[in-house]
Amino acid sequence: MKAFLLSFFLIVSALSFVNTVTAKDIIGGLTLKENFELAEQYPMPSPWLLSAQCSACHGTMGTEFDDIIPPLAGMDKQEFIDKMQEYKTKDANQFIVMGIITQPITDKEIEAMADFFAKLKPVSRSLGKVPYDVVVPDWANMNSGAK
Amino acid sequence: MNKKDLNKKKGMSRRQMLKMLGATAATYGLLGASSKVFSKSAPHIVIVGGGIGGAAAAKYLRLLNADVKITLIEPNSQYIFCPGSNEVIPGWITLEDLMVTYTALKTRYHVNVIHDKASIIDYDKKQLRLEKGTVLNYHKLIVSPGPMHGYHAIEGFSKALADGDFPSAYNAGKQTMTLRNQILSMKQGGTVIIAPPENDYRCPPAPYERASFIAAMLKEKNPTAKILILDAKDSFVLSDNYNFYWKKTFGYGTDNSMIEWVPKKKGGKVVKLDATHHAVITADGQSHKGDVINIIPPEAAGLFALKNDLADTQWCPVDFLDFSSMRHDDVYVIGDSVDGAPMPKTGYIASNQARIVVQAINDELHGKELSTPFIINDCVAMAGHDYGMALSTTFRYAGKGKRLKDLYYIPEAETNPAKQIVRQQVAENWQRTFRKDIFE
């Protein structure tokens, strides 16, 4: 069942979707325009903080591959950017949560995250327990802060 | 009250800080239970509460900084993860599946975990007193006590009754099992009353997820039973998804519906428990008898935060740049106790607030400018074993003294069964990974 779901996920995520947000979706708070204006107004959050937002689903700093949700650590920079941009621009059918998470994230932020994950030790994309180094002292240095 | 001067927020050099810490450094050596030996002049970060917020703070601070001394205060030796705990009610999983320990924090992350209750903060001396008498000097204090359940806001209700025949089951544990057993042994055709509170409270969709899971359980074992949701509010998050699933699965909206939802404006708000007659009384004076009564009381900041003057009224005000308390210096508040609107109270958010705090503390230790905060909250929830859903919200910094601003997407109900199941699998995957992310 899990193997089926995984391949299903991979197939579906490889497809391009028509960019349509249906009328029944509920979108609220800031508009995307206001969101991007706010992002411009203040220094970009640190690459560490941006990337750490992924931990709850993708494992600590993107190092987990449990079943369906893939690891991010060690992903090629361009591959990460392409995937995120694909979600942001083409996956508006919001099949998996990535299509909606990426909407308010700026291109600059996506690139900073891509850079961050590309520098981490890669995690095997095969299923099973993934061992990882828990303390990576370099993270503190990669965290260049807002300025 | 020691009102915070926001202008004082400037990074301090490591040298300045170490100098300042020198005076109290002698104390740190006395507490070393962790196997790693820390410098006597190492800054001491104390964390109150070993739930998701506190444990995430301990682990992620260590990921950023190998040299600080970290102490976590938590009375229990294990923690039952709240996300997923509704699945214990129909017996899809057990409480044991949700149990995590502090072993990894102790051994892998060199966190000194003290199993005691935090009691009183001395803000002038920067000391925390524990119930058994230990006094800890802190450089920075992170407070993550979870919410307090206001049982007494419902007349006739109390913690004793919740621990007895009227389980709230809103912290995973013994009450969760009582609720499960009561539903299992309920007479055929009986009524389960669920009374969700007004906003804000932990995990907004949880009472409705619970109703869904209980309905699935009853459909199999007690098909003529009813679930009556008496709500203290007029709307709830993800209601389009739940309504869709309930219609499809439990005949919602028909005379034969297993689930009935009564909003506040139609007399849903429960104000009183009549324990003797096994009934609840709503604001309009109507009495509803229930074979199982599950009142989820309103919440406020954790008792520790209230006792220590960190809350103004119901919740704790913070500076959203770094979640430092607006009421006392060198103290940060995270998790459900924060006056964080528009952020909902979720474990996901508590963990991301923890990441902001520990980065801010680490940046300050290194004399760096603080990073702009940024938070993502995703909810990958279930309505049943065959139906998952998702929502996503981002929270951006909007300037000094302002609340974070949200942008949310709640996709409409998914009609494709294959997608429904994949989303459900994603929700289960998330639960496993999230437990590991915080506690391993």
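**Working through the model**

Reply: Helices (H or I, at least four residues) and strands (E, at least two) are DSSP runs, numbered from the N terminus. Keep in mind that this is a predicted model, where local features need pLDDT of at least 70, side-chain atom pairs count only at pLDDT 80 or more, and totals for chains, interfaces and linings use all residues. Residues are numbered from 1 along each chain as its sequence is written, chains are lettered from A and ligands numbered from 1 in the order in which they are written, and side-chain values use heavy atoms, with hydrogens and water left out.

Me: Is F116(A) buried or exposed?

Reply: F116(A) is buried, at a relative accessible area of 2%. Buried means under 20% relative accessible area, exposed over 50%, and partly exposed in between, with a 1.4 Å probe and protein chains only.

Me: And how far apart are the C-alpha atoms of F116(A) and G74(A)?

Reply: They are separated by 8.7 Å, with the two residues 42 apart along the chain.

Me: What does chain A look like overall?

Reply: Chain A has eight helices and one strand, in the order α-β-α-α-α-α-α-α-α from the N terminus. Of its 147 residues, 53% are buried. Taking contacts (heavy atoms within 4.5 Å), 71% of those in chain A between residues at least 6 apart in sequence join residues at least 24 apart.

Me: How much area do chain B and chain A bury between them?

Reply: About 5500 Å², with 61% of it on carbon and sulfur atoms. Buried area here is the accessible area (1.4 Å probe) that two parts lose on being put together, summed over both. L63(B), R396(B) and Y409(B) supply 14% of the area that chain B buries against chain A, more than any other three residues. In residue terms, 57 from chain B are in contact with 61 from chain A.

Me: Now cavities. How many are there of 30 Å³ or more?

Reply: Five. On a 1 Å grid over the protein atoms alone, a cavity is a set of points where a 1.4 Å probe fits but cannot get out, and lining residues have an atom within 4 Å of a point. Grid points are joined across faces, edges and corners, and a volume is the space filled by probe spheres set on the points.

Me: Which residues line the second largest cavity?

Reply: The lining takes in L38(A), A39(A), Y42(A), P43(A), M44(A), P45(A) and E109(A), together with T372(B), P373(B), F374(B), R396(B) and Y397(B). The volume of this second largest cavity is about 70 Å³. Its lining divides into nine nonpolar, one polar and two charged residues. Ala, Val, Leu, Ile, Met, Phe, Trp, Tyr, Cys and Pro count as nonpolar, Asp, Glu, Lys and Arg as charged, and the others, Gly among them, as polar.

Me: Which residues have a positive phi of about 50° without being a glycine?

Reply: H110(B) and A169(B) are both examples. H110(B) is in the loop between α4 (103-107) and β5 (111-114) of chain B, and is partly exposed at 21% relative accessibility. A169(B) is in the loop between α5 (159-163) and α6 (174-184) of chain B, and is buried at 3%.

Me: Last one: what does the side chain of S324(B) make a polar contact with?

Reply: The side chain of D322(B), at 2.7 Å. A polar contact is a pair of N or O atoms within 3.5 Å; within protein, one must be able to donate a hydrogen and the other to accept it, and residues adjacent in sequence count only if both atoms are side-chain atoms. S324(B) lies in strand β20 of chain B, residues 324-325, and is buried at 1% relative accessible area.

Notes:
1 Å grid on protein atoms, 1.4 Å probe; cavity = no way out; pocket = protein on both sides within 12 Å on 5 of 7 lines; lining within 4 Å.
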